Amino acid sequence: MAIQNLSAIENMLSQMRAVAQAASAGSVRTPNTVADSGGFAAELARSLGRVAEMQNSSAAQTRAFQMGDPGISLNNVMIDSQKAGIAFQATLQVRNKLVEAYKEIANMAV
């Protein structure tokens with residue numbers, strides 16, 4: 001189970017790296033290619049949705065464990081809680097970088 005969780009985290013990190021590389025490449029896109037691929041905003045929205053889903057799932061699993069559900073082990077609760085926490089921290093760091101980039105662009109002389 002821990003190997004599966006680790007691969008899910010690595011998958012999310014690779015997706016975030018791919019988005020960051022695409023954003024830093026500065027490739028010019030026409031409106032049609034943005035609509036076809038979903039664009040940065042759509043990928044960001046999907047990522048936020050996945051993080052929210054992980055947090056909700058972790059909270060539900062924690063509640064089930066606290067209520068004494070025999071099918072829920074403490075190990076799984078702790079691992080899922082840590083995954084949700086890491087995903088949230090990564091999302092927070094991405095948000096901070098986006099705010100920094102926005103401020104830098106806003107302060108540019110035109």
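Student: Which residue does Glu-43 form a salt bridge with at 3.3 Å?
Tutor: Arg-50, going by the closest N and O atoms. A salt bridge here is a side-chain nitrogen of Lys or Arg within 4 Å of a carboxyl oxygen of Asp or Glu. This is a predicted model, where local features need pLDDT of at least 70 and side-chain atom pairs count only at pLDDT 80 or more, while totals for chains, interfaces and linings use all residues. Residues are numbered from 1 along each chain as its sequence is written, and side-chain values use heavy atoms, with hydrogens and water left out.

Student: Is Glu-43 buried or exposed?
Tutor: Glu-43 is buried, at 16% relative accessibility. Buried means under 20% relative accessible area, exposed over 50%, partly exposed in between (1.4 Å probe, protein chains only). Arg-50 is partly exposed at 32%.

Student: How far apart are the closest N and O atoms of Glu-43 and Arg-46?
Tutor: They are 2.8 Å apart, in another salt bridge. Arg-46 is partly exposed, at 39%.

Student: And what about Asp-80?
Tutor: Asp-80 forms a salt bridge with Lys-83, with 3.8 Å between the closest N and O atoms. Both Asp-80 and Lys-83 are buried. Shared partners also join Glu-43, Arg-46 and Arg-50 into one salt-bridge network.

Student: New topic: at what angle do H3 and H4 cross?
Tutor: Roughly 150°, with the axes of H3 (residues 39-66) and H4 (residues 74-106) coming within 9 Å. H3 and H4 are therefore roughly antiparallel, a label for angles over 145 degrees.

How values were computed. Axes are lines fitted to C-alpha atoms, for helices over the stretch in contact, and angles run from 0 to 180 degrees between N-to-C directions. Helices (H or I, at least four residues) and strands (E, at least two) are DSSP runs, numbered from the N terminus. Angles under 35 degrees count as roughly parallel, over 145 as roughly antiparallel, 65 to 115 as roughly perpendicular and the rest as oblique.
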